[in-house]
Amino acid sequence: MQFFTDSFLQWSFIHPIEEVFMETLELVRGPTLVDPAMTSHLCDRIERDFVQRWNGAWGGRSLVHGLDPGPNAVRLNGNDYLSLTGHPQIVAAQTAAIREDAEFVIQSGCFLLETHPVRAFEKKMAQWIGKEDGILCQSGYSANVGLLQCITDEQTPVYIDMLAHASLWEGAKRGGAHLHPFRHNDMNHLQRLVRKHGVGLVIVDSVYSTTGAVCPLVEMVEIAESAGCMILVDESHSLGTHGPGGAGLCKALGLSHRVHFITASLAKAFAGRAGFFNIPTGLRNYILSTSFQNIFSSCLLPHEVAALNATLDVIQGCDSERQRLHHVSKVMRQSFSDLGYPVHQGTEQIIALESGTESDTMVLRDCLEERKVFGAVFCAPATTSNRTIVRLTLDSSLTDSELAHVALVAREIAPLVKPWEWPIARRARASAAQSS
C-alpha cells in the first residue's frame, strides 16, 4: 500500500490531476464494462418508436413519470380501492406465514396438490363469486392470457369490447383466435358481428379500467346466450368494490351461473399481487396441463397466499368502505362535471381526464402535480395516441378535505387546460346536437 501511495505521488507531479484521477480509478475498479452493440434494426426501431416520441411530443421528459408526491399530496394513482394496505389482520396473517412456513417447495402452479394452501383459497374465491372452482395466477395479466390460451383457437371467433384490457386481447391472440372487436358497450354492433361470424366467445370488462364505465352485463349475457356463445367477464375493477360482500357485479346481478368465465386481478381492491379465474371443475386438469402461465411460472409463496386469504375475509366485511367509495366517486365526478370536464364516459371510481394528445396531457399532468394532485398518465399502448388520459382512481380513505382540494385544483387549472375544448368534449356536443 505504501509503495502504491509513493508511486502515485511521484507520477502525479508530471500528469494533470484529472488524468491522474481517471487512471487511478481504472487501476482500482478495472476496465469499464461496455455492452455489445445492438443490431441496426433494433436501433432504428427504438429511434422511430420511442426516441422521436420522447424528444417530440414528450419534450425530452417522461410522460408517465412526473414529480415525486410529497407528504401532503393527494394521490389518485393507485388501485387500493378499499384502502386495505397495511390492514392489521392481513399483515398478521402474512407475518405468521413467513414465520411458520419454513419448509415449502417453490414450483410451477401445475404441480400443486390438493393439500396445498393455494387450493383452499382457490375454492374459497370461487364459492364467493358463485362458481365451482378456480385457479390462482401470478397476476391478472397472466390469468387472462393463461385462460384464453386454453379456451380459444383459430376455430373460435372472439368478440371483444374495444376498451377491454390489453391482457384479454393478448390472450385471444395467443390462442390463435380471430378477433372481432365491437364498439364499446354497443350491443347492436355485437349482435351484428355474432350473426356474421357465428358461435364463439364474448369478452367484456365489468368496469372498464380507463374510464370507469360499467358494462351492460345483463344484455351482453343475453346476446351471448341467444347465439350459443360463451362469455368471459373481467371483474378486476368491480371485485371487492361491488356486489354483496364485494363479490362483484356478476354476483350482484344474479349472473354468476350464466357467465362461463370470471377473471380478476387481485392487485386492485385486494391490494395484492395475483390474478384469478374460475373454471368448471372438469376443466382443471386440462387448464393446468395447457396454460403456459401455470406450467412455466412459479406459484405464489405461502405468505402471499395467506395475505390474500385474510384479505378476502376482510373485504367481505367492508360494506362501509364500499359505501364510502361509491359516495366519493359520485361527489368527485360531479365536481369535475360541474366545472366543464368531460367525464361522462364513466360512472365508477375511475375518472378519465381525456385531454387528447400526449403534449396536452403533459400540460394537464404538470398542472395537477404542481398543485399536489397526482393521477396516472395512460398513453399508447394503453390508449390510442390521440386519446391520452390522466386517470384518477379513487379510494375509500379519501377525506372530505382532500376531495375539496382536488375540486379546487380542478377549478384553478380549468382556464389553463380548457377541458371544454378537449376532443372528447367536442364529440359529446356534436353527438348531443345530432340526437336533438
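Trainee: Are H8 and H9 roughly parallel or roughly antiparallel to each other?

Mentor: This is a predicted model, in which local features need pLDDT of at least 70 and side-chain atom pairs count only at pLDDT 80 or more, while totals for chains, interfaces and linings use all residues. Residues are numbered from 1 along each chain as its sequence is written, and side-chain values use heavy atoms, with hydrogens and water left out. The axes of helix H8 (residues 187–197) and H9 come within 10 Å and cross at roughly 15 degrees; axes are lines fitted to C-alpha atoms, for helices over the stretch in contact, and angles run from 0 to 180 degrees between N-to-C directions. Angles under 35 degrees count as roughly parallel, over 145 as roughly antiparallel, 65 to 115 as roughly perpendicular and the rest as oblique, so H8 and H9 are roughly parallel.

Trainee: Which residues of H9 make the contact with H8?

Mentor: Contact means heavy atoms within 4.5 Å. H8 contributes Met-187, Leu-190, Gln-191 and Val-194. Their counterparts in H9 are Glu-219, Met-220, Ile-223 and Ala-227.

Trainee: Which strands does H9 touch where it packs on the sheet?

Mentor: Helices (H or I, at least four residues) and strands (E, at least two) are DSSP runs, numbered from the N terminus. Helix H9 (residues 217–227) has a direction that makes about 155 degrees with that of S6. The strands touched by H9 are S4, S5 (201–205) and S6 (230–234).

Trainee: Which strands stand at the edges of the sheet?

Mentor: Two strands pair if DSSP finds at least two bridges between them. The open sheet has seven strands in the order S2-S8-S7-S6-S5-S3-S4, with mixed pairing. Each edge strand has a single partner strand, so one side of it is left without a neighbour in the sheet. The edge strands are S2 (133–137) and S4.

Trainee: In what sense do S2 and S8 pair, parallel or antiparallel?

Mentor: S8 covers residues 275–279 and is joined to S2 over five bridges. Within this pair, Asp-133 stands opposite Ile-279. The sense is antiparallel.

Trainee: Through which helix does the chain cross from S3 to S4?

Mentor: S3 (residues 157–161) and S4 (residues 178–182) pair in the parallel sense over five bridges. The β-α-β crossover between them is right-handed, a term for a path from the first strand over the helix to the second that runs clockwise with the strands pointing away from the viewer. The helix is H7 (residues 166–175).
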